[in-house]
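This report describes selected features of a protein with its ligand, beginning with a loop and ending with a strand residue. Please keep the sequence and the structure in view while reading.

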Amino acid sequence: MRVDVISIFPEYFAPLEVSLIGKARERGILEVHLHQLRDWTHDVHRTVDDTPYGGGPGMVMKPGPWGEAVDGVLAADPASAPRVIVPTPSGTPFTQKLAMEYAAEPWLLFTPARYEGIDSRVMAEYGARLRVDEVSIGDYVLAGGEVAVLVMVEAIGRLLPGVLGNACSAVDDSFAPGSMENLLEGPVYTKPPEWRGHEVPEVLLSGHHGRIARWRRDEALRRTAKNRPELLTALDPARLDKHDRRL
Ligand SMILES: Nc1ncccc1[N+](=O)[O-]
């Protein structure tokens, strides 16, 4: 299996040189390629982030460098294509079942983000021609996706034939579902207002905070319904207003 990781902290992945995964790499069972996102910037400060459209705290990772970095990885084998895994707290849960599915793939590309995430148009751009999964390792917020990649590469790598000494079966632990009260974050955007034909939603440029808040909640409800429908059924109905119920 080939694994590519694009990050502004490739040094985060030193742990993949030791122990179980390190041995799998020495034995050629697993190939790991690390890429520094800043190598695809073109300004002296090697800028990868900017302020979010629509206001709000934090910064969003710009689409430009990510687009060039993903294109760079795809060029490694134009005849094939990796399955793209985007670690994010707004993703579908990473489970043993999903680890087993990924362990059967020949090529994975992980795109861990820092800050508030990657401009949502990047995965919209690649989602049209590649399998792109938003995956969460848990309902908590890390400073970035790198730790999640370490978790997933370990969970997947240990399932590859020949990696575990004894052919122990990786059985799913059953655990009580957490009580999740929050909705998942909706899509995020930053400059430029138009990128590869993808426009930033007009409402985010309106400066109308009421409409922006409404739009963000609508998108959060839609994404939660798509990625974590069980959270909606568990959501206290009193927290949904009449507009929400129409979604
Ligand atoms: N929980 C997370 N927090 C930040 C980035 C990624 C995350 N995740 O679960 O993949």
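Pro 192 belongs to the loop that runs between α5 (146-157) and β8 (194-195). This is a predicted model, and in it the peptide bond leading from Lys 191 into Pro 192 is cis, with an omega near 5°.

## Two arginines with positive phi

Arg 196 is located in the loop between β8 and β9 (198-199), and its phi is positive, about 50°, although the residue is not a glycine.

Arg 46 is found elsewhere, in the loop between β2 (31-36) and β3 (49-50). Arg 46 likewise is not a glycine and yet has a positive phi of about 50°. With a relative accessibility of 34%, Arg 46 counts as partly exposed.

## The ligand and its shell

The ligand is surrounded by 13 residues, of which the closest are Thr 88, Ile 137, Tyr 140, Leu 142 and Ala 148. Sorted by class, this shell is made up of eight nonpolar and five polar residues, with no charged residues.

Which atoms of the protein lie 3.2 Å, 3.4 Å and 2.6 Å from ligand atoms? A polar backbone atom of Thr 88 is 3.2 Å from an oxygen atom of the ligand, while an N or O atom in the side chain of Ser 136 is 3.4 Å from an oxygen atom of the ligand. A nitrogen atom of the ligand, in turn, has a backbone N or O atom of Tyr 140 at 2.6 Å. The ligand taken alone exposes 270 Å², and 96% of that area is buried by the protein. Two or more residues of the shell come from each of the elements β5 (83-93) and β7 (132-136), and β5 gives the most, with three residues.

## Helix α6 and its packing

Helix α6, made up of residues 209-227, has 19 residues and reaches 26 Å from its first C-alpha to its last, which is close to the 27 Å expected at 1.5 Å a residue. Its buried residues are Ile 212, Trp 215, Asp 218, Glu 219, Ala 220, Leu 221, Arg 223, Thr 224 and Asn 227.

Against which elements do the buried residues of α6 pack? They pack against β5 and β7, and also against α7 (229-234) and α8 (242-246); β5 and β7 are also the elements that give two or more residues to the shell around the ligand.

Ser 7 lies in strand β1, which covers residues 2-7. Is Ser 7 buried or exposed? Its relative accessibility is 1%, and because buried means under 20%, Ser 7 counts as buried.

Leaving aside residues up to four places away in sequence, Ser 7 touches Phe 13, His 35, Gln 36, Leu 37, Pro 112 and Glu 146. The C-alpha atom of Ser 7 is separated by 6.8 Å from that of Thr 111, although the two residues are 104 residues apart along the chain. A polar atom of the side chain of Ser 7 also lies 2.7 Å from the backbone nitrogen of Phe 9.

Methods
Residues are numbered from 1 along each chain as its sequence is written. This is a predicted model: local features need pLDDT of at least 70, side-chain atom pairs count only at pLDDT 80 or more; totals for chains, interfaces and linings use all residues. Side-chain values use heavy atoms; hydrogens and water are left out. A residue is near a molecule or strand if one of its heavy atoms lies within 4 Å of it. A polar contact is a pair of N or O atoms within 3.5 Å; within protein, one must be able to donate a hydrogen and the other to accept it, and residues adjacent in sequence count only if both atoms are side-chain atoms. Accessible areas come from the Shrake-Rupley method with a 1.4 Å probe; for residues, only the protein chains shown count as cover. Helices (H or I, at least four residues) and strands (E, at least two) are DSSP runs, numbered from the N terminus. Ala, Val, Leu, Ile, Met, Phe, Trp, Tyr, Cys and Pro count as nonpolar, Asp, Glu, Lys and Arg as charged, and the others, Gly among them, as polar. The expected span of a helix is 1.5 Å times one less than its number of residues. Buried means under 20% relative accessible area, exposed over 50%, partly exposed in between (1.4 Å probe, protein chains only). Contact means heavy atoms within 4.5 Å.
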